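Dear colleague,

Please find below the structure that I am handing over to you, followed by an account of what was found in it.

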Amino acid sequence: MLEKINELKSAIESLSAKSKDEVEALRIKYLSKKGEVSALFNDFRNVPNEQKREIGQKLNELKNLATEKINSLREAVESGDSDETAIDLSRTASPIELGTRHPISLIRNEIISIFSRLGFSIAEGPEIEDDWHVFSALNFAADHPARDMQDTFFIQRSPDVLLRTHTSSVQSRVMTTTEPPIRIICPGRVYRNEAISARAHCFFHQIEALYIDKNVSFADLKQTLLYFAREMFGADTQIRLRPSYFPFTEPSAEMDISCHLCGGKGCGFCKHTGWVEILGCGMVDPNVLEACGIDSKVYSGFALGMGVERITNLKYRVKDLRMFSENDVRFLDEFTSAH
């Protein structure tokens, strides 16, 4: 039996393979249940007792040698160290086309670029948040409708753990950990418990901006908004601010831009008003500053927020929000030239 072991050892040491199939064939030949090494183990019961210790040791060494040799061959083939030319014969003869960025990513990057030119830096936070950062720190009353299960996804059967409904939670995190001046934009995905349709989805993307410093005024906010609108939609774009209400800003406003399709004359896209709403904004409520540890008598600030899908619709006139998340290649191919 020692002679058989030595012969098999010499054969294993000289093994070579050029493909995964060849490696697998060698494994089956030597290490499978019916392989040559296993056959020697089956014959071990016929070895005289006085030779069992020596033969058993040799068999174990042989098995370890075969295992290591085949593993090394497999690694060499997978890493391309073998002599085989790496040609996939099943690959299509047609050239592989380059992909394109998603329209949401295109608009997100453009918005970030505009605000970065104003000195804003990116801040990010977790999508799974707690009640304090999403609501309480932002001056939401305990009975505010946004806390209701109809609007918010709560998790872990706890009213304190939820999927963020807006990226304002990033603002509250930054305000509690950073000394003013603060000048940030907060891009990210948010979640709301809404029925999915052409006009709404249970998840979407927002970008919010926050600026806190001494003597920040509403005039600073208006100038920032005008700069953004003209950089995004064209130099002739006009804006208007309408009074509104948000728990975390006072005063608050909705911002409209002049319809860039009809030039403000009125069309079906702007519902014949000449104006299209794009975002909400306002001066940071002093209660929010105080809740986050910032002295509202020394500092003031403004905040604004917009839906990325909303801006994307205005730029590319996508009528169905569901198309953004269905990953239809035909739809995505339409944005190849938008890079």
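**Charges over rings**

Arg189 lies over the face of Phe203, at 5.6 Å from the ring centre. A charge is taken to sit over a ring if NZ of Lys or CZ of Arg is within 6 Å of the ring centre and within 35 degrees of the ring normal. The charged end of Arg183 likewise sits over a ring, that of Phe120, 5.6 Å from its centre.

Please note that this is a predicted model, in which local features need pLDDT of at least 70 and side-chain atom pairs count only at pLDDT 80 or more, while totals for chains, interfaces and linings use all residues. Residues are numbered from 1 along each chain as its sequence is written, and side-chain values use heavy atoms, with hydrogens and water left out.

**Aromatic pairs**

A search of the whole structure finds 9 aromatic pairs. Rings of Phe, Tyr and Trp (its six-membered ring) pair if their centres lie within 6.5 Å; planes under 30 degrees apart count as stacked, over 60 as edge-to-face and the rest as tilted. The pair of Phe115 and Phe120 is edge-to-face, because the ring centres are 5.4 Å apart and the planes stand at 85 degrees. Phe115 is buried at 1% relative accessibility, and Phe120 is buried at 6%. Here buried means under 20% relative accessible area, exposed over 50%, and partly exposed in between (1.4 Å probe, protein chains only).

Phe140 and Phe248 form a tilted pair, with 5.9 Å from centre to centre and 40 degrees between the planes. Phe140 lies in the loop between α6 (131-134) and β3 (161-163) and Phe248 in the loop between β6 (239-246) and β7 (249-258), so this pair ties together parts that are 108 residues apart in sequence. Helices (H or I, at least four residues) and strands (E, at least two) are DSSP runs, numbered from the N terminus. Phe140 is buried at 10% relative accessibility, as is Phe248, with a relative accessible area of 19%. Phe135, Phe140, Phe246 and Phe248 form one aromatic cluster.

**Salt bridges**

The count comes to 11 salt bridges, a salt bridge being a side-chain nitrogen of Lys or Arg within 4 Å of a carboxyl oxygen of Asp or Glu. One of them joins the side chains of Glu110 and Lys315 (3.8 Å, N to O). Glu110 lies in helix α5 and Lys315 in helix α10 (residues 308-316), so the pair ties together parts that are 205 residues apart in sequence. Glu110 is partly exposed at 27% relative accessibility, and Lys315 is partly exposed at 30%.

The side chains of Arg330 and Asp328 also meet in a salt bridge (2.8 Å, N to O). Arg330 is exposed, with a relative accessible area of 65%, whereas Asp328 is partly exposed at 26%.

**The surroundings of Ser172**

Ser172 lies in helix α7 (residues 168-177) and is buried, with a relative accessible area of 0%. A polar atom of the Ser172 side chain lies 2.9 Å from the backbone oxygen of His133. Leaving aside residues up to four places away in sequence, Ser172 touches His133, Ala137, Leu138 and Cys292, where contact means heavy atoms within 4.5 Å.

Yours sincerely

Notes:
Polar contact = N/O pair within 3.5 Å; in protein donor to acceptor, adjacent residues only side chain to side chain.
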